[in-house]
Amino acid sequence: MKTRRIVIAGGGAAGFFAAIAAAETDPRAEVVLLERGSRFLGKVKISGGGRCNVTHACFDTSELSEHYPRGRRELRAAFHHWQPRDTMAWFEQRGVALKTEEDGRVFPVSDDSQTVIDCLLAAARDAGVRLETRRPVESVEQIPRGFILRASGGDEFPADRVMLAPGSLKNSPLLESLQALGHSIEPLAPSLFALNVKDPRIQDLAGISVPSTRVGLPPGGRPQSGPLLITHRGVSGPAVLKLSAWEARRFQELDYRGEIALSWLGDSGPDDVRALLDGQRESQGRRAVKNAPVPRLPARLWERLVSAAGVPSDLPWARLSRNQANALLGQLTDARFAVSGKTMNKEEFVTCGGVRLREVDFRTMESRVVPGLHFGGECLDLDGVTGGFNFQAAWTTGRLAGLALAKE
Ligand SMILES: Cc1cc2nc3c(=O)[nH]c(=O)nc-3n(C[C@H](O)[C@H](O)[C@H](O)COP(=O)(O)OP(=O)(O)OC[C@H]3O[C@@H](n4cnc5c(N)ncnc54)[C@H](O)[C@@H]3O)c2cc1C
């Protein structure tokens with residue numbers, strides 16, 4: 001005889017982790033997981049290019065939280081209870097062998113996201129979770145003894161406790177219910193996108209990757225470092241995706257138009273680069289500047305930067321004037337590019353914005369506005385950069401919500 005009913009809307013990463021934790025913690029509770037689509041865990045399936053980047057091997061919770069442009073402070077506290085080490089142990093104990101790649105991203109050894117899906121489905125079934133697909137929840141209403149969730153088609157699901165884990169709230173019918181229940185929603189904006197840039201300096205250089213760059217959205221802001229990839233449409237790669245996350249709201253305000261500042265030599269300051277140019281002048285004096293690139297810069301890109309700096313194509317290093325060196329320095333460390341739009345990153349994207357974090361208790365993921373209502377995952381105003389951080393936020397918030405849902 002089941003004593004209580006817990007209903008979770010959203011069969012993604014956060015919903016599954018919550019459902020499993022709740023059902024395993026309180027086997028007397030009936031745990032129902034409602035999924036809008038015909039399959040569970042659709043995003044897990046396509047994640048990480050079909051390999052599912054489950055989490056990131058960063059075990060210092062303060063350092064880990066720095067990868068979240070939104071939700072940093074709240075997640076730092078939550079990671080004390082459930083962090084990547086716990087996620088990895090959880091999957092490994094259930095038979096999913098994991099591997100950590102050089103950059104810290106964690107994948108199943110199978111390189112197949114289906115392994116992760118099979119594990120979550122089996123764990124949910126073993127714990128006795130009632131799994132229902134094709135149940136798009138359209139509204140949540142509070143009643144004197146709990147809640148009623150209404151799905152399209154007229155199905156009603158009474159519940160003692162509810163968790164909402166529907167992923168991005170963009171175009172979600174649940175937005176209206178959340179507002180009616182008294183929740184505030186931080187404006188929604190896409191995060192993790194590439195930038196469209198049409199500029200002769202990078203035209204026809206698609207496929208070239210520059211190992212160490214720094215890119216910012218002046219004025220102010222927080223420049224991001226890392227590899228950059230020149231694409232057919234502009235620029236992408238880790239540094240650009242990170243910038244798109246940290247500046248998601250500013251980019252949206254600018255309607256994805258504006259000017260980025262790019263250093264092709266990462267965090268090297270003007271003095272370092274000036275020393276680098278002086279070194280070239282001495283060691284490569286007789287060679288044409290255009291034909292003797294500084295280290296770590298692809299030759300074709302270097303040629304473009306030299307010509308953009310107005311350095312004649314046959315000028316030898318030894319005859320580079322101070323003004324020409326300054327122009328080259330500018331092209332190398334503070335090259336400005338006009339952005340004309342964005343292209344969503346196919347590998348991973350998320351929505352920033354969602355349920356205001358102040359209205360949620362991150363120890364239990366329970367609403368501070370509506371007791372008995374919990375949240376998890378992307379519907380909250382939290383999101384991370386690429387690398388497994390977004391799933392980690394879903395596992396952590398899902399786990400904490402599940403444990404709290406199981407408590408009387
Ligand atoms: C292409 C792509 C690749 C990605 N790859 C990675 C990766 O490798 N690593 C990483 O960390 N992050 C990745 N992400 C981000 C990651 O997928 C999300 O951060 C994560 O899925 C969020 O989990 P969630 O449970 O909150 O939401 P979701 O996974 O989106 O799950 C929400 C579920 O709720 C269902 N739902 C929605 N509305 C309702 C409703 N009204 N009623 C019932 N059900 C509903 C949805 O159909 C969905 O199944 C990727 C994202 C994309 C788009």
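An open sheet of three strands is ordered β3-β5-β4, and its pairing is antiparallel. β3 (55-56) and β4 (98-100) are the edge strands, each of which pairs on one side only. Strands here are DSSP runs of E with at least two residues, helices are runs of H or I with at least four residues, and both are numbered from the N terminus. Two strands are taken to pair if DSSP finds at least two bridges between them. β3 and strand β5 (residues 105-108) are joined in the antiparallel sense over two bridges, and T55 has V106 of β5 as its bridge partner. In general, the strands of a sheet pair through backbone hydrogen bonds, either parallel or antiparallel.

The model is predicted; local features need pLDDT of at least 70, side-chain atom pairs count only at pLDDT 80 or more, and totals for chains, interfaces and linings use all residues. Residue numbers start from 1 along each chain as its sequence is written.

The chain contains 13 helices and 21 strands. Its C-alpha trace spans about 90 × 40 × 35 Å along the principal axes. Of the 408 residues of the chain, 46% count as buried, where a buried residue has 20 or more other C-beta atoms within 10 Å of its own, an exposed one has 12 or fewer, and a partly exposed one lies in between, with C-beta atoms placed from the backbone. Two residues are in contact if their C-beta atoms, placed from the backbone, lie within 7 Å. Among contacts between residues at least 6 apart in sequence, 74% join residues at least 24 apart.

A second open sheet of three strands has the order β7-β8-β9, again with antiparallel pairing. Its edge strands are β7 and β9, each pairing on one side only. From one strand to the next the twist averages 20 degrees. β7 and β8 run antiparallel and are joined by six bridges; in this pair, E141 has I148 of β8 as its bridge partner. Strand β8 (residues 146-151) is joined to strand β9 (residues 156-159) by four bridges, and these two also run antiparallel. Here R150 stands opposite E156 in β9. β8 and β9 form a hairpin with four residues between them, and G153 in the turn has a positive phi of about 95 degrees.

R135 lies in the loop between β6 (130-132) and β7 (137-143). R135 counts as buried because 21 other C-beta atoms lie within 10 Å. When its neighbours within four places in sequence are left aside, R135 is in contact with L34, E35, R36, A151 and D155. The C-alpha atoms of R135 and G37 are separated by 7.2 Å, although these residues are 98 residues apart along the chain.

Two helix pairs were examined. Axes are lines fitted to C-alpha atoms, for helices over the stretch in contact, and angles between N-to-C directions run from 0 to 180 degrees. Helix α2 (residues 42-50) packs with helix α6 (residues 113-127) at an angle of about 155 degrees, and their axes are 8 Å apart. α2 and α6 are therefore roughly antiparallel to each other; angles over 145 degrees count as roughly antiparallel, those under 35 as roughly parallel, those of 65 to 115 as roughly perpendicular, and the rest as oblique. The crossing of α2 and α6 is right-handed, a term used if the near helix is turned clockwise from the far one by less than a right angle, with left-handed used if the turn is anticlockwise. V44, K45, S47, G48 and G50 of α2 make the contact with S113, V116 and I117 of α6. By class, these residues comprise three nonpolar, four polar and one charged. Ala, Val, Leu, Ile, Met, Phe, Trp, Tyr, Cys and Pro count as nonpolar, Asp, Glu, Lys and Arg as charged, and the others, Gly among them, as polar.

In the other pair, the axes of helix α4 (residues 72-79) and helix α13 (residues 389-405) come within 10 Å and cross at roughly 65 degrees. The crossing of α4 and α13 is left-handed. L75, A78 and F79 of α4 and A393, T396, T397 and L400 of α13 make this contact, which has five nonpolar, two polar and no charged residues.

V215 has L262 of β16 as its bridge partner.
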